[in-house]
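Here are a few friendly notes to read beside the model. Please keep the picture open as you go.

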Amino acid sequence: MGYPPAVEIKMQRLFSRLSEKERRAYAAVEAVKLGHGGTEYISALFRVDPKTIRQGTADLENQEDPAPNRTRKKGAAGKT
């Protein structure tokens, strides 16, 4: 299972250029495409928690984005 190393590099480059919300969605779609074991593989490839991928999957289950102009939940930003 998995992608060739050259494809993984391109996927990682794309992933690094996305917003937080887009990263969750992209990781979720890739994990679903791979099927069994996909979440673990994509989690390791993108160095994200599997919960992030599961949240992305849940986000994509919704017909509409509940917060289309936001990438983080209110109050999620760190204090400065």
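This is a predicted model: local features need pLDDT of at least 70, side-chain atom pairs count only at pLDDT 80 or more; totals for chains, interfaces and linings use all residues.

1. Residues are numbered from 1 along each chain as its sequence is written, and side-chain values use heavy atoms, leaving out hydrogens and water.

2. The chain has 4 helices and 0 strands (DSSP runs, H or I of at least four residues for helices and E of at least two for strands, numbered from the N terminus). Of its 80 residues, 25% count as buried (under 20% relative accessible area, with a 1.4 Å probe and protein chains only).

3. Look next at helix 2 (residues 20–34) and helix 4 (residues 50–61), which pack at about 90° with axes 7 Å apart. Axes here are lines fitted to C-alpha atoms over the stretch in contact, and angles run from 0 to 180 degrees between N-to-C directions. Helix 2 is therefore roughly perpendicular to helix 4 (65 to 115 degrees).

4. Which residues meet there? Among them are A27 and A28 of helix 2 and I53 and L60 of helix 4, in contact through heavy atoms within 4.5 Å.

5. Finally, find S43 in helix 3 (residues 38–46). S43 is buried, at 10% relative accessible area. Beyond its neighbours within four places in sequence, S43 touches V48, D49, P50 and I53. S43 and A27 lie 16 residues apart in sequence and 7.8 Å apart in space, C-alpha to C-alpha.

Key
Angles under 35 degrees count as roughly parallel, over 145 as roughly antiparallel, 65 to 115 as roughly perpendicular and the rest as oblique. Buried means under 20% relative accessible area, exposed over 50%, partly exposed in between (1.4 Å probe, protein chains only).
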